[in-house]
Amino acid sequence: MSPLVHVRRWMWLLLAYAALALGIIGIFVPGLPTTPFVLLSAFAAARGSRHLHDWLLAHRVYGPMIRDWQATGSVNRRAKQWAIGTMAASSLLMFATAPKWWMAATGTAIMAVVGTWLWLRPEPPAN
């Protein structure tokens, strides 16, 4: 294996673990999303660590979400509802605590775009 391939593999692995860590932190921190970071982690792990990628696919919580995304680009309705609900709660919290209204408005606008995109994603086919 050439040194460049080796470095590239380690960079993908670093991205995979960093994204997974942010996804786990996002479970507890309002406004920090979990799903996109877990999907990014799976994407990077597929290029940097077969072991981590297999573990993510087999995970009881993350596995179905990753498999649905990889197979059809779909997100289940419950995940969409939780994500959009969390974004709405975070928006209210930002408006209640931000020092300037435009700071909360900027974050809310970004979340509105992401929420719209997420809601328009297809849902996985029924089994």
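I took helices as DSSP runs of H or I with at least four residues, and strands as E runs of at least two, numbered from the N terminus. By that rule Ser41 lies in helix α2.

Ground rules first. I'm on a predicted model, where local features need pLDDT of at least 70, side-chain atom pairs count only at pLDDT 80 or more, and totals for chains, interfaces and linings use all residues. Residues are numbered from 1 along each chain as its sequence is written, and side-chain values use heavy atoms, leaving out hydrogens and water.

Is Ser41 buried or exposed? I got a relative accessible area of 0%, so Ser41 is buried (buried is under 20%, exposed over 50%, partly exposed in between; 1.4 Å probe, protein chains only). Beyond its neighbours within four places in sequence, Ser41 is in contact (heavy atoms within 4.5 Å) with Ala16, Ala19, Leu20 and Leu56.

**Entry: salt bridges**

How many salt bridges does the structure hold? I found three, counting a side-chain nitrogen of Lys or Arg within 4 Å of a carboxyl oxygen of Asp or Glu.

Arg50 pairs with Asp54, closest N and O atoms 3.4 Å apart. The two are four residues apart in helix α3, so about one helical turn separates them.

Arg77 bridges to Glu123 at 2.9 Å between the closest N and O atoms. This one links distant parts of the chain, with Arg77 in helix α5 and Glu123 in the segment after α6 (101-120), 46 residues apart. Glu123 also forms a salt bridge with Lys80, closest N and O atoms 3.8 Å apart. Shared partners join Arg77, Lys80 and Glu123 into one network. I noted Lys80 as buried, at 1%, while Arg77 is partly exposed at 44% and Glu123 partly exposed at 33%.

**Entry: Ser74**

I placed Ser74 in the loop between α4 (62-72) and α5 (77-97). Ser74 counts as buried because its relative accessibility is 2%. Its side chain makes a polar contact with the side chain of Thr72 at 2.6 Å (N or O atoms within 3.5 Å; within protein, one able to donate a hydrogen and the other to accept it, and residues adjacent in sequence counting only if both atoms are side-chain atoms).
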